[in-house]
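These are my notebook entries on a structure that I examined. I record what I looked up, entry by entry.

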Amino acid sequence: MSHLVKNYNRKKISFKFGRGSFLYSTNGKKYLDFVQGIAVNSLGHAHPKLIKTINTQSKKLWHVSNAFIIPEGEKLAKKISKKTFADYVMFQNSGTEATETAIKVARRYFYSIGKPNKNRILCVKNSFHGRTLAAIYASGSKKMTEGFGPKIGGFDHFVFGNHKSLKKKINKNTAAIMVETIMGEGGIKVIPDWCLKELRKICNKKKILLILDEVQCGIGRSGDFFAFEKSGVKPDIVPIAKGIGGGFPIGAVLMNKKVASGMIAGTHGSTFGGNPLAMSVGNSVIDIISNKKFLNNVKNLSKYFLSNLNIIKDKYPKIIKDIRGRGLLIGIQLHTDQVKFIKKLMENKLLTIRAAENVVRILPPLNVKKNEINQALRIIKKVCSEIN
Ligand SMILES: Cc1ncc(COP(=O)(O)O)c(C=O)c1O
């Protein structure tokens, strides 16, 4: 009997070890892992540089309180700031903490400039910003909030793509618009660049903040270091997590100088957030992923993967409705429920995971090899032909 709480619908499989794109199960089978801890293991399993970093740092210092200066965190914050709009970074431990903190930063900014009533956050209905109380109400999903009342107030929602409803929902109490640059759990829906630009314009006009949740789509996953980069848009606040730790729990909130001014000493904290062990891993991950050549390779692999998936879609139009995504955040949208399809992929030793709207989500490591993509394509084609 398992003494773990039953809050997950776990597949009956466990793993002994992982190497790169592959996982090896306790019953001796080898799986192509295109889940990678849901976009967490950005460099695959057991990356030699990350192993070396952890080994070296673990012999020096694991944890000290944020009451002291942590040089590894200073270094990582500097690297992140150099790469992006951010002037300041605040480290956390997970995605939901990062989004929740992003909300706090937005509210605190308006409070600090004498506008405490500007505290409402406008989000996409049925988006995903994590599982803390504030994050589930920010996500606006009935399923996620059921049984967890009383409702946490301060969130309004608009329907993805409905620009009229978005504009209508902004009122004098709105502090920020918070959206995922690419909706992950919601079905791999990419916000087009023109739309991001429009969002920025609206925020400027209404003097409100733009929060882009890059927990899933950030850190190279889109082929750019951040998914919003290509649009030229500069957000005010960006929560990140997942890929930055390469498997080690790290979250962070990036922000510009203006909004950071509200976060004076004592306004927020985290016991574990930004400890030396986590920060040294983050530094190693960012050194590899932010390299232009590395990101170009992600873009090329993505092009190859997407075009071949589209060929399969054209061959099996009754099974596959749409191929979605950017970079290596890819969705195969089926006409019907995807559970059976995912199960069949797994029987053929390819691990994938679901997303909303009948989507099979594909998240290879960012350093996946072309022959591994070919292996996945062969399995996907085989499953399509069996189901057809
Ligand atoms: C866009 C987005 N925000 C927030 C989260 C929450 O992250 P975590 O599960 O690390 O708390 C997720 C997790 O999937 C996510 O995809």
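**Entry 1**

The model is predicted, so local features need pLDDT of at least 70 and side-chain atom pairs pLDDT 80 or more, while totals for chains, interfaces and linings use all residues. Residues are numbered from 1 along each chain as its sequence is written, and side-chain values use heavy atoms, without hydrogens and water.

Lys125 sits in the loop between strand E5 (120-124) and helix H5 (133-139); helices (H or I, at least four residues) and strands (E, at least two) are DSSP runs numbered from the N terminus.

**Entry 2: Salt bridges**

I then looked up salt bridges (a side-chain nitrogen of Lys or Arg within 4 Å of a carboxyl oxygen of Asp or Glu). The count is 14.

I noted that Arg200 pairs with Asp236 in a salt bridge, with the closest N and O atoms 3.0 Å apart. Arg200 belongs to helix H8 and Asp236 to the loop between E10 and E11, so the pair ties together parts 36 residues apart in sequence. Both Arg200 and Asp236 are buried.

I also found a salt bridge between Asp224 and Arg326 (3.0 Å, N to O). Asp224 is in the loop between E10 and E11 and Arg326 in strand E13 (residues 320-326), so this pair ties together parts 102 residues apart in sequence. Asp224 is buried at 11% relative accessible area, and Arg326 is buried at 14%.

Technical notes
Buried means under 20% relative accessible area, exposed over 50%, partly exposed in between (1.4 Å probe, protein chains only).
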